[in-house]
Amino acid sequence: MSNPYEILGVSSTASDDDIRKAYRKLAKKYHPDLNPGKEEAEQRFKDISAAYSLLSDAEKRARFDRGEIDSSGQERPQRQYYRDFAEGPGGARYSHAEGFASDDLENIFSDLFGGRGFARGHGAGGGSMPMKGGNLSLALTVDFVDAAKGGKQRVTMPDGKTLDIDLPAGLEDHATIRLKGKGLPGVNGGPPGDALITITVAPHPWFRREGDDVHLDLPVTLAEAVLGGKVRVPTIDGAVMLTVPKGANNGTRLRLKGKGIPDPQKNARGDQYVTVRIALPDETDPALEEFVRGWSADYNPRRAMESA
C-alpha cells in the first residue's frame with residue numbers, strides 16, 4: 001500500500017472528520033458489492049479500508065507521521081536509528097552516543113518494562129511482549145427495510161474474504177457494529193483486534209425514518225379523496241389495506257399503529273404515518289375538465305394567505 005493520505009485523497013493535516021468523510025465516499029464508490037467482478041475496484045476497496053484503518057487510529061496515525069511504522073502498520077527497520085551507536089571506542093557496540101552508554105540503554109528499557117530487565121539485542125526479558133492487533137474499519141450499505149427489520153448481511157473483508165453477520169433490528173444510519181476478534185492479527189501471540197463496521201442506510205423511494213416512526217406520502221385519486229375508500233399501502237412488513245376517510249384533504253395524515261421501526265431494547269415499535277397526496281392524472285382527462293367547468297366552487301383555499 002502506498003501513502004494512506006494519498007489513497008484517501010486528503011492532506012497529512014486532515015481532521016478526523018475529513019478522513020472519515022473521504023473514506024465513506026470512496027468506500028461507497030469502490031465497494032465490491034457495487035462493482036461485481038471488477039478486480040481493480042476490489043483492490044481499491046482493500047487499499048482504502050487499510051488506509052482508513054491506519055489513519056482512524058490516533059496512535060497509529062501519529063506513529064506513521066513520525067516514520068515509526070509504514071503504511072501497512074508494520075514497524076520500520078531500526079538499523080538507521082541505531083547507526084550512530086553501532087561502533088564505539090575499541091569496537092564496543094552501543095558504547096556511547098550523545099551521553100548515552102550501554103548501561104543507560106539497559107536502564108531505560110528496564111524502566112519501560114517494569115524492571116524485568118533487558119537482554120542486549122533481544123528486547124525486554126529476552127523476548128517481545130504480546131500485543132493486541134489493530135481494529136479494522138469497514139463500511140456496509142444496507143437497504144432501508146433490512147436496517148429496520150434486521151437480518152443477515154455479507155461483508156467483504158480487506159483480504160477479500162467474506163463474512164456473514166447478523167444485523168440487529170432498528171439500525172440507524174451511521175451506526176457502528178463491532179465484531180470482536182475479526183480485526184488485524186495480534187503480534188507475538190497477542191489477540192486479534194476487532195472489526196468496526198459503519199452502517200450506511202440506503203435511501204428508500206417511499207419510506208423515510210423519523211426516530212422509530214416511518215413516514216410515507218400516499219398518492220390518491222381525486223375520487224378516493226372525495227368519496228373515501230380502502231387503498232393498498234406499503235409498510236416495512238408488506239402491504240396492508242388502509243381506509244382513506246371521506247373528504248380527505250391533501251396533507252391529511254393517517255396512522256398505522258405499530259408499523260414503524262422495531263426497538264429491541266424497549267420491546268416496542270414505532271408507528272407508520274401516511275400523508276395523503278391528491279394526484280391528478282398524468283394526461284389530460286376531458287371528462288374531469290368538463291366536470292370541473294360545471295362545478296361551482298364556493299370556497300377559497302387561500303383565504304388565510306390573502307388576509308395576512
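Leaving aside neighbours within four places in sequence, leucine 167 is in contact (heavy atoms within 4.5 Å) with Leu140, Val142, Gly150, Gly151, Gln153, Ile177 and Ile199. Leu167 is also among the residues with the most contacts inside the largest nonpolar core, together with Leu140, Ile165, Ile197, Ile199, Leu218 and Val233. That core has 37 residues, a nonpolar core being a set of buried Ala, Val, Leu, Ile, Met, Phe, Trp, Tyr and Cys residues joined through side-chain atoms within 4.5 Å. A second, separate core holds 21 residues, including Leu8, Ile48, Tyr52 and Leu54.

The model is predicted, so local features need pLDDT of at least 70 and side-chain atom pairs count only at pLDDT 80 or more, while totals for chains, interfaces and linings use all residues. Residues are numbered from 1 along each chain as its sequence is written, and side-chain values use heavy atoms, with hydrogens and water left out.

Turning to the whole protein chain, its secondary structure comes to ten helices and 17 strands; these are DSSP runs numbered from the N terminus, helices being H or I of at least four residues and strands E of at least two. Of the 308 residues, 33% count as buried (under 20% relative accessible area, with exposed over 50% and partly exposed in between; 1.4 Å probe, protein chains only). Among contacts between residues at least 6 apart in sequence, 48% join residues at least 24 apart. The chain exposes about 19,600 Å², of which carbon and sulfur atoms supply 51%; accessible areas come from the Shrake-Rupley method with a 1.4 Å probe, and for residues only the protein chains shown count as cover.

A search of the whole structure finds 17 salt bridges, each a side-chain nitrogen of Lys or Arg within 4 Å of a carboxyl oxygen of Asp or Glu. One of them joins aspartate 271 and arginine 255, with the closest N and O atoms 3.2 Å apart. This pair links distant parts of the chain, 16 residues apart: aspartate 271 sits in the loop between β16 (268–269) and β17 (272–278), and arginine 255 in strand β14. Aspartate 271 counts as buried because its relative accessibility is 11%, whereas arginine 255, at 47%, is partly exposed. Besides Asp271, arginine 255 touches Gln272 and Tyr273, neighbours within four places in sequence again being left aside.

Another bridge, of 2.8 Å (N to O), brings together the side chains of aspartate 164 and arginine 154.

Arginine 61, placed in helix α4 (residues 58–65), counts as buried because its relative accessibility is 12%. Its side chain makes a polar contact of 2.9 Å with that of tyrosine 5 (a pair of N or O atoms within 3.5 Å; within protein, one must be able to donate a hydrogen and the other to accept it, and residues adjacent in sequence count only if both atoms are side-chain atoms).

On the surface, Leu222, Val226, Leu227, Ile278 and Leu280 form a nonpolar patch with about 440 Å² of accessible area together. Patches are made of residues with over 30% relative accessible area and no salt bridge, like charges being joined within 9 Å and nonpolar side chains (Val, Leu, Ile, Met, Phe, Trp, Tyr) within 5 Å. Helix α8 (residues 222–227) gives the largest share of this patch, three residues.
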